[in-house]
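Hi there,

Here is the structure I promised to pass on.

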Amino acid sequence: MTTVLELENIHKSFEVGTVNEHHVLKGINLKLEEGEFVTIIGGNGAGKSTLLNSIAGSFRIDEGHIFLEGEKITNLSTAKRAKGIGRVFQDPRMGTATKLSIEENLSIAYKRGESRGLDRGVKKNQRVFFKEQLEQLNLDLQNRLKLEVGLLSGGQRQALTLLMATLVTPKLLLLDEHTAALDPKTSQLVLEMTEKIVREKKITTLMITHNMKDALRYGNRLIMLNNGKIVVDLKEKQNLSVSDLLALFQKNSGQAITDDSLILV
């Protein structure tokens, strides 16, 4: 089986040399095999978003190495990594161009990894393909291709962003609490879309969630971060409960839990 992502001894600190210096990631080692769908949970400041930002190339790590399908990408720019990495952010406004139409946004996503000219036109065969893809979202967006994305609801926009991130199947998909800004019903809808797309396209995925029930329900593997380290790595989680997770966290981290916010924040 192909190893899609490999992290070797990843360290990242911020405000180094000041009184506010903070060592966020402390020697993270992780391997993701092709098709794995990994959920990540951890308390505020555990290093969840910093981990995804390190993989995406939003900043340079201080120490360690990052490999994508065997290629060392540690020093590559965000733009170069984006050829193989799809990403959906917490904020539905990120990942799409507000003033462009739905089909124009999809056209941009369709050209991931290619050189782009100034032509904003959408070809007939592309439009047919976009409609087919949008129809799978069950949001009736396939009949609104000319609509500006800024006029969509938060849930519609996040669903579109998810589709854009996977329109050209990426080697790796990063989901940074991509349903946290949505209401519960819409959040559930987007999560179900996520699971369907990831499963059908067999996309290797890392998904941060603030909800332990969702972390148990979705994906085939669960990672818990605490204080910049992986304290739990579960490849079998089907029969686990939230109470089981809390017990594992306390056992492996050596940290007493006074309330669920330690994990859920």
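In this predicted model, helix 4 has four residues listed as buried: Q126, F130, Q133 and L134. Looking down the axis of helix 4, you will find these buried residues within an arc of 95 degrees, so they line one face of the helix. K124 and N125, on the other side of helix 4, are exposed.

What do the buried residues of helix 4 pack against? Their partners are helix 3 (102-110), helix 5 (154-167) and helix 6 (184-201).

The length of helix 4 checks out too. It covers residues 124-135, and at 1.5 Å a residue its 12 residues should span 16 Å; the end C-alpha atoms are 17 Å apart, which agrees.

Now to the nonpolar cores. The largest one has 30 residues, and I102, L106, L134, L137 and L160 have the most contacts inside it. Two or more residues of this core come from each of helix 3, helix 4, helix 5, strand 7 (172-176) and helix 6. Helix 5 gives the largest share, 7 residues. Another core, of 27 residues, lies apart from it, with L7, L25, V38 and A56 among its members. As general background, nonpolar side chains in soluble globular proteins tend to be buried together.

Setting aside neighbours within four places in sequence, L106 is in contact with F130, L134, L160, L163, M164 and L167.

Happy browsing, and write back with any questions!

Best wishes

Notes
Residues numbered from 1 in each chain as written. Predicted model: local features only at pLDDT ≥ 70, side-chain atom pairs only at ≥ 80, totals over all residues. Heavy atoms only, no water. Expected span 1.5 Å × (residues − 1). Buried < 20%, exposed > 50% of the residue type's maximum accessible area, 1.4 Å probe, protein only. Arc of directions from axis to C-beta. Contact = heavy atoms within 4.5 Å. Core = buried A, V, L, I, M, F, W, Y, C linked by side-chain atoms within 4.5 Å.
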